[in-house]
Amino acid sequence: MTTSTAIARLNAADPDFAHHLDHLLSWESVSDDSVNQRVLDIIKAVRERGDAALVDFTRQFDGLDVKSMSDLILPRERLELALTRITAPQREALEVAAARVRSYHEKQKQDSWSYTEADGTVLGQKVTPLDRAGLYVPGGKASYPSSVLMNAIPAKVAGVTEVVMVVPTPRGEINELVLAAACIAGVDRVFTIGGAQAVAALAYGTESVPKVDKVVGPGNIYVATAKRHVFGQVGIDMIAGPSEILVVCDGQTDPDWIAMDLFSQAEHDEDAQAILVSPDAAFLDKVAASINKLLPTMDRAEIIAKSINGRGALILVRDMEQAIEVANRIAPEHLELSVADPQAWLPSIRHAGAIFMGRHTSEALGDYCAGPNHVLPTSGTARFSSPLGVYDFQKRSSIIFCSPQGASELGKTASVLARGESLSAHARSAEYRIVKGE
Ligand SMILES: NC(=O)c1ccc[n+]([C@@H]2O[C@H](COP(=O)([O-])OP(=O)(O)OC[C@H]3O[C@@H](n4cnc5c(N)ncnc54)[C@H](O)[C@@H]3O)[C@@H](O)[C@H]2O)c1
Ligand SMILES: N[C@H](CO)Cc1c[nH]c[nH+]1
Ligand SMILES: [Zn+2]
């Protein structure tokens, strides 16, 4: 068992720094060709063999002795039973978290809108919830009741008609908190399947699993790779793969706090990434010492050690300006600004899934109950993706309702442009509506 650390040390003044940083961040080191090929094979099998493939993969990857698909379906009554099996403090914590997540997400709901032009033409946008959403809740190395809330509550706030959840139950171990969270969040159907096979089932449908319109939620490298491959067949929210944390610290926070913040994401997965950037070399040494002191006390020391040794780093920068440059280059899932005046640096941050401001705001609070979503873009995709939100479960249709006068006026412009494109059917269609003599 490896539980000692040899975390990489990088210096931004090193001429090869950019190269070293690229290597550290590279997704390829996590998602190699063999993962890709395995995921493609799994998707193909689920498309061809439906439920039978799901049963086989669940036996193979989750170590479950299942005979048929009916063993992998949980009725709503089972979710209600779970609510009675958890402790009162657990139920209260789930309800507090759910209420906070709901009130934050209610602010994100978009409504239809329109405006009327002088000639009576109405233009607008109709906002519609998805008919059916598929939520991936991870469950391989840990159970995530919090991810149930983070996935399902925005879907429900958006008004999605049917919310289908998939969650693996390795070795048949069902987590009552996960099911209780599904009950509280109003999930409609639950299948105990996971990995690439669950994503494929939601995307293509099987005899038992309904095909959904969009697959959302985080997962390991197999899940993230499968989501990339099914995009287009269904919508996806983003690539939310192995967890990441980037802490920018001015050197004045307790080094034990920072070490534990790094561990908090490293403990998710060997592939998770935890990085500290600071202009204070002595502080980096103190955090390295805290890492070595605290690691043996951790329940998940082995996973943390692999993550920290394989993908972690302590980065020395010239000053805080350079620290922020590095943060923008990394575009992390979670960015902790563990500094005296985080507000002063916020305007310079351009790319991060979520920004945790100040020494007291540990990332863990955002994972559970602050209110914002914890399903966030990873592996640099915060450059173009956003946190999971109500908007992921809503889509928009444009509305154009021309008055006769509006159609006549617009027809003239459309005719000129259509003829410029040599599309005469377009031109004549518009021209029919031009009022004669105008
Ligand atoms: N970005 C976010 O918002 C967020 C939130 C929570 C968790 N996470 C991340 O989600 C991930 C959860 O990973 P996990 O493994 O615990 O659960 P998971 O549910 O994502 O993956 C478990 C499944 O992976 C599949 N699998 C495992 N080994 C396989 C193999 N060798 N070949 C094919 N398939 C295989 C199995 O089907 C198994 O059911 C972690 O990386 C964690 O950091 C991210
Ligand atoms: N940090 C994860 C997102 O990367 C979310 C989570 C759930 N539970 C604990 N943490
Ligand atoms: Zn976490």
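Q: Which side chain has an N or O atom 2.6 Å from an oxygen atom of ligand 1?

A: Polar contacts are read from pairs of N or O atoms within 3.5 Å. In this predicted model, the side chain of Tyr136 supplies an N or O atom at 2.6 Å from an oxygen atom of ligand 1. The protein covers 91% of the 870 Å² of accessible area that ligand 1 has on its own.

Q: How many residues surround ligand 1, and which are the closest?

A: A shell is read as a list of residues around the molecule. Here 31 residues surround ligand 1, and the closest are Asp62, Tyr136, Lys141, Ser243 and Asp269. By class, the shell divides into 13 nonpolar, 13 polar and five charged residues.

Q: Which helices each supply at least two residues of that shell?

A: The shell can also be sorted by secondary structure. Helix H2 (33-62), H7 and H8 each supply at least two residues. The largest share, three residues, comes from H2.

Q: Which residues does the UniProt annotation "binding site" cover?

A: An annotation is taken from a record and then placed on the model. The unreviewed UniProt entry gives Tyr136, Gln197 and Asn220 as "binding site". These residues are spread over 85 residues of sequence, yet they cluster in space, with a largest C-alpha distance of 12.7 Å.

Q: Is Gln197 buried or exposed?

A: Buried means under 20% relative accessible area. Gln197 is at 2%, so it is buried. Gln197 lies in helix H7, residues 195-204. Leaving out residues up to four places away in sequence, Gln197 touches Ile42, Val46, Leu54, Phe57 and Phe61.

Q: Why is Asn220 classed as partly exposed?

A: The partly exposed class lies between the buried limit of 20% and the exposed limit of 50%. Asn220 is partly exposed because its relative accessible area is 30%.

Q: Where does Asn220 lie, and what does its side chain reach?

A: Asn220 lies in the loop between strand E8 (214-216) and helix H8 (221-230). The side chain of Asn220 reaches the backbone nitrogen of Tyr222 at 3.0 Å. The side chain of Tyr222 in turn has an N or O atom 3.2 Å from a nitrogen atom of ligand 1.

Conventions:
Residues numbered from 1 in each chain as written. Chains lettered and ligands numbered in written order. Predicted model: local features only at pLDDT ≥ 70, side-chain atom pairs only at ≥ 80, totals over all residues. Heavy atoms only, no water. UniProt positions renumbered as here; feature names shortened; annotations may be inferred. Helix = DSSP H or I, 4+ residues; strand = E, 2+ residues; numbered from the N terminus. Buried < 20%, exposed > 50% of the residue type's maximum accessible area, 1.4 Å probe, protein only. Contact = heavy atoms within 4.5 Å. Polar contact = N/O pair within 3.5 Å; in protein donor to acceptor, adjacent residues only side chain to side chain. Near = heavy atom within 4 Å. Areas by Shrake-Rupley, 256 points an atom, 1.4 Å probe, with all protein chains shown as cover. Nonpolar A, V, L, I, M, F, W, Y, C, P; charged D, E, K, R; others polar.
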